[in-house]
Amino acid sequence: MRDSKIIDVAHKANVSPATVSRVLNGSPLVTSKTQEKVLQAIRELNYTPNAMGKQLRSRKTMTLGVVVTDIGVAYNAEIIKGIENIANGLKYKILICDSQNEKEKELEFLSLLQNRTVDGLILVTSQLSDPEILSFADEDYAIGLIGRRIEHPFIPCSFTDNIRIGKEVVQHLMERGHRRIAFINGYADAPDSIERLQGYKEQLEQAGLSFEPELIDGGDFNEQGGYEAFTRLWSNNEEFTAVFTANDEMALGVYKACAELGISIPENIAVVGVDNIRITNYVEPKISSVEQPLYAMGALLAEQLIEQMNGSVRAESQQFMLASTLVVKGSSAKGG
């Protein structure tokens with residue numbers, strides 16, 4: 001039988017791990033009723049706090065770590081801006097960590113929590129598995145997620161409905177008369193990639209259209225990847241009339257490929273992306289895209305995580321789904 005952890009005590013007492021920590025540290029901010037609940041849970045679970053862990057957790061660096069898969073992608077830049085503005089207002093610094101889409105690097109960055117280089121860590125569209133993230137949260141390390149969700153009472157998550165995004169784009173293109181719609185996805189194992197592909201498939205099925213795997217390719221969420229993916233798809237002569245890219249960076253790659261191949265947008269091919277980054281308005285035709293509230297996703301998550309670390313009252317739910325909006329512009333203006 002495994003030893004009890006602080007989260008086990010928190011669950012049993014129906015409080016947050018931060019409250020358990022305050023009781024263990026003798027904080028006067030905890031009511032006597034809550035204190036007794038926590039102490040009773042500790043007795044029943046025979047919980048013994050780790051002395052070294054307790055000592056490390058008592059230090060404050062007033063720093064948040066932010067782990068992104070690619071710092072050069074506009075999606076991450078807007079999220080970071082939201083995090084930084086809120087953190088700065090609350091007297092926190094941020095440490096930006098670029099994993100370069102390498103899972104091993106993400107795991108290494110988790111050590112920033114263990115050695116108390118940072119007080120909390122925000123993972124943006126992380127590729128780590130749920131168990132890997134939960135193992136740290138269960139030890140009372142402050143972790144927040146952006147762009148994905150984990151059902152856990154102490155992990156704040158801000159995200160949009162990626163399945164809905166996939167369905168909405170496909171529906172829009174079908175309303176324009178398109179029936180063979182290619183999809184250029186991001187990282188194959190990224191949660192937002194998986195969910196947008198799921199939405200794409202569900203909307204095709206709902207319309208009575210067959211899913212064609214040969215119309216799917218991966219572009220790794222960057223412009224060069226989108227360029228190469230579209231070139232491969234077009235060379236296969238699949239005769240699709242529209243392409244949905246899982247982000248705008250890849251849509252820009254599609255524009256580059258179309259220019260080289262002599263393909264006119266939207267006359268020969270319609271294009272829709274995701275994120276509605278500013279540069280989508282500086283190409284011709286402007287790129288139709290699903291706008292995500294990236295700044296708000298970062299700001300909300302930073303505020304929630306900092307409040308949690310400082311022992312403020314925890315929200316009943318740590319799941320914060322923000323709305324997205326399809327912005328139709330010139331790249332999908334005509335029918336197929």
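**View A. The cysteine Cys97 in the predicted model.** In this predicted model, Cys97 counts as buried, at 5% relative accessibility. The cysteine sulfur closest to that of Cys97 belongs to Cys157 and lies 19 Å away, too far for a bond. A disulfide requires the two sulfur atoms to be within 2.5 Å. Cys157 is accordingly in no disulfide, its nearest cysteine sulfur being that of Cys97. Cys157 is itself buried, with a relative accessible area of 0%. The structure as a whole holds zero disulfides.

**View B. The open sheet of six strands.** The strands of this open sheet follow the order E2-E1-E3-E4-E5-E11, and their pairing is parallel. Strand E2 (93-98) and strand E11 (319-321) stand at the edges; each has a single partner strand, so one side of each is left without a neighbour in the sheet. From one strand to the next, the twist averages 15°. Strands of a sheet pair through backbone hydrogen bonds, in either a parallel or an antiparallel sense.

**View C. The pairing of strands E1 and E3.** Strand E1 (residues 63-68) and strand E3 (residues 120-124) run parallel and are joined by four bridges. Within this pairing, Leu64 has Gly120 of E3 as its bridge partner. In the order of the open sheet, E2-E1-E3-E4-E5-E11, E1 stands between E2 and E3.

View D. Strand E9 (residues 270-275) pairs with strand E10 (residues 288-291) in the parallel sense, over four bridges.

View E. Rolling a probe the size of a water molecule over the atoms shows where empty space is left. The count comes to three cavities of 30 Å³ or more, and the largest cavity has a volume of about 150 Å³. Its lining consists of 16 residues, and those nearest the centre of the cavity are Thr69, Tyr75, Thr125, Asp192 and Phe221. Helix H5 (74-89) and helix H10 (191-206) are the elements that give two or more residues to this lining. By residue class, the lining of the largest cavity divides into five nonpolar, six polar and five charged residues.

**View F. Ile7 in helix H1, with the overall dimensions.** Ile7 lies in helix H1 (residues 6-13) and is buried, with a relative accessible area of 4%. The C-alpha atom of Ile7 is separated by 43 Å from that of Ala251, a residue 244 positions away along the chain. For scale, the C-alpha trace of the protein spans about 70 × 40 × 30 Å along its principal axes. The protein has 13 helices and twelve strands. Of its 336 residues, 52% count as buried, and Ile7 is one of the buried residues.

Terms used:
Residues are numbered from 1 along each chain as its sequence is written. This is a predicted model: local features need pLDDT of at least 70, side-chain atom pairs count only at pLDDT 80 or more; totals for chains, interfaces and linings use all residues. Side-chain values use heavy atoms; hydrogens and water are left out. Buried means under 20% relative accessible area, exposed over 50%, partly exposed in between (1.4 Å probe, protein chains only). On a 1 Å grid over the protein atoms alone, a cavity is a set of points where a 1.4 Å probe fits but cannot get out, and a pocket is an open set with protein on both sides within 12 Å along at least five of seven lines; lining residues have an atom within 4 Å of a point. Grid points are joined across faces, edges and corners, and a volume is the space filled by probe spheres set on the points. Ala, Val, Leu, Ile, Met, Phe, Trp, Tyr, Cys and Pro count as nonpolar, Asp, Glu, Lys and Arg as charged, and the others, Gly among them, as polar. Two strands pair if DSSP finds at least two bridges between them. Axes are lines fitted to C-alpha atoms, for helices over the stretch in contact, and angles run from 0 to 180 degrees between N-to-C directions.
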